[in-house]
Amino acid sequence: MASSSSSENQPKAVKSSSSTNTVLTRSKSKSLSACRSATSWWDKLPDEALILVYGYLEDHDRASMSSVCKHWNSIFKTPTLWRERHFIFVGMRALDHTKKACEFITNVGTHLRRLVLECGHPVLHTARPIAEAVSTFLGHTIKIPQMRISHFKVVYLDCYHSWRFFDLSRGKLIDALSKFLRKQRNLRKLDLSGAHLTSAEGMRCLSSAAQSPARKTIHYLHIKDLFELRYPAFQDNRFRDNLARFTSLRQLYLNYLYVDELVLQVLRTNSRTSLQYFQIVVDSCEPCNHSISAYAWRDFCDGCPYAKVVFHFLGKLSIEDYRRVFARCVPIYEIDILSWDRYPSDRDPNSEDMSAVLAHIISTYSAQLVSFRLAFDHLSNEPIDSALVMLLDRCTKLKDVCINTAIRIDTVEKICATLKKKRPRVLEHLELKVRDLTPDEVAKLRGIAVLSSEELGLRSVEVQPDD
């Protein structure tokens, strides 16, 4: 019985084993088919999608992805993936970073178009390595004959504070930067803002760019704070001579201390139909003792008919400063006022009268002003509520308004009511951030925000407390 029972169970065991093998075979075939379908799906992925995936990856991840297959490796070499690069040289290991940067330039430098260079703030033991690193890198860059850099920016250079005690290293850095700028042929955007160079160093760098072949191709020149603080560049003939060499400027960004009537004449002569945006920064850390006449601005308008002037005011300035700058006949487009109490200023804190400033803007530019931004974090001698309402009512071409200050809730209601009645409705964007509110006022302001967004019919409305 035992043997017979075992003989009867034997075929069942064999049958069970064969069914298991069948299941395993089927599962393997399904997994293989799934892999084949997944592989075919990746094969069908457009090159544009692969390029987008590469764009989100770091260099080491890109290298790993390129080793998957030949096709992905070919996409890895797509020029658009290597158009922009931000190089940072900091600390004692700055020269080690230079080796990798030079390898990058050697391999894909011909694809590079936008180059950003950052020098870390040096100390006693790092000034020399950083200067040597930057010098080596820029020297290697100008040796690549096919490089066509169109955008070049130097950030956080700040020679006045960071390099003022390292003359030898600083000189080497300026030498390398000047040689690099002189060799450029395809630059369209040059940003040397915040360099705070001495007059000699700043003129050398500016002269190198102005004498390079790129002087005819540079469209955007950003030289705000190119020179050390309080340097009146408008009194330096070298500055005007160098500026006159740029013949294709579309956007110019500089300090008010760099502009006078002769500088306007240079722009009118050499950037006639090309200049579109002229951005001028008035800083409370610098003197504002000179003015530009309405006649000079009128001649500038005639010579540069497409130019739009943007004024940026930083810090607490006196009402007299504003009046000197706000001349008639300025082709004004935008006014930005950032009056923070903590921003450094050498003015009398009681000499600022923002209500009078707004009244002066209304009387001078009510038919021209397109964009207005005000950030005001302290109490004015006179409340600015009524002046703000009047500005929004009288300025007929305003399209963009951004206000961050302490005003009353009923002033917000008046602003919304004024804009609701205004015809035609030119305004497109309104942003009101109200400071120093009580909890009850915050709740009321949120209710006003809901109603205003529905009633004003603007593209974007933002009314909120400034938390």
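**The largest pocket and its setting**

Author: The largest pocket has a volume of about 680 Å³. Of its 23 lining residues, those closest to its centre are Asp59, Trp82, Arg85, Phe87 and Phe104. This is a predicted model: local features need pLDDT of at least 70, side-chain atom pairs count only at pLDDT 80 or more, and totals for chains, interfaces and linings use all residues. Residues are numbered from 1 along each chain as its sequence is written, and side-chain values use heavy atoms, with hydrogens and water left out.

Some terms come next. The search runs on a 1 Å grid over the protein atoms alone. A pocket is an open set of points with protein on both sides within 12 Å along at least five of seven lines. A cavity is a set of points where a 1.4 Å probe fits but cannot get out. Lining residues have an atom within 4 Å of a point. Points are joined across faces, edges and corners, and a volume is the space filled by probe spheres set on them.

Which elements supply the lining? α3 (59–66), β1 and α5 (94–108) each give at least two residues. The largest share, 7 residues, comes from α5. Helices (H or I, at least four residues) and strands (E, at least two) are DSSP runs, numbered from the N terminus. By class, the lining has 10 nonpolar, 5 polar and 8 charged residues. Here Ala, Val, Leu, Ile, Met, Phe, Trp, Tyr, Cys and Pro count as nonpolar, Asp, Glu, Lys and Arg as charged, and the others, Gly among them, as polar.

Now follow β1. Strand β1 (residues 84–89) and β2 pair in the parallel sense over 6 bridges. Two strands pair if DSSP finds at least two bridges between them. Histidine 86 stands opposite valine 116 in β2. Strand β2 (residues 114–119) is mostly covered, with 5 of its 6 residues buried. Buried means under 20% relative accessible area, exposed over 50%, and partly exposed in between (1.4 Å probe, protein chains only).

The second largest pocket has a volume of about 260 Å³. It has 14 lining residues, and Ile144, Met147, Lys183, Gln184 and Arg185 are the closest to its centre. Its lining has 7 nonpolar, 3 polar and 4 charged residues.

The largest cavity has a volume of about 90 Å³. Its lining includes Thr396, Lys422 and Arg425. By class, that lining has 7 nonpolar, 1 polar and 2 charged residues.

Next comes the core. The largest nonpolar core has 137 residues. Such a core is a set of buried Ala, Val, Leu, Ile, Met, Phe, Trp, Tyr and Cys residues joined through side-chain atoms within 4.5 Å. Phe152, Phe239, Phe278, Trp297 and Phe372 have the most contacts inside it. In soluble globular proteins, nonpolar side chains tend to be buried together. Contact means heavy atoms within 4.5 Å. Beyond four places in sequence, phenylalanine 278 touches residues including Leu252, Trp297, Phe300 and Lys308.

Last, the whole chain. The protein chain has 17 helices and 13 strands. Of its 467 residues, 47% are buried. Among contacts between residues at least 6 apart in sequence, 80% join residues at least 24 apart.
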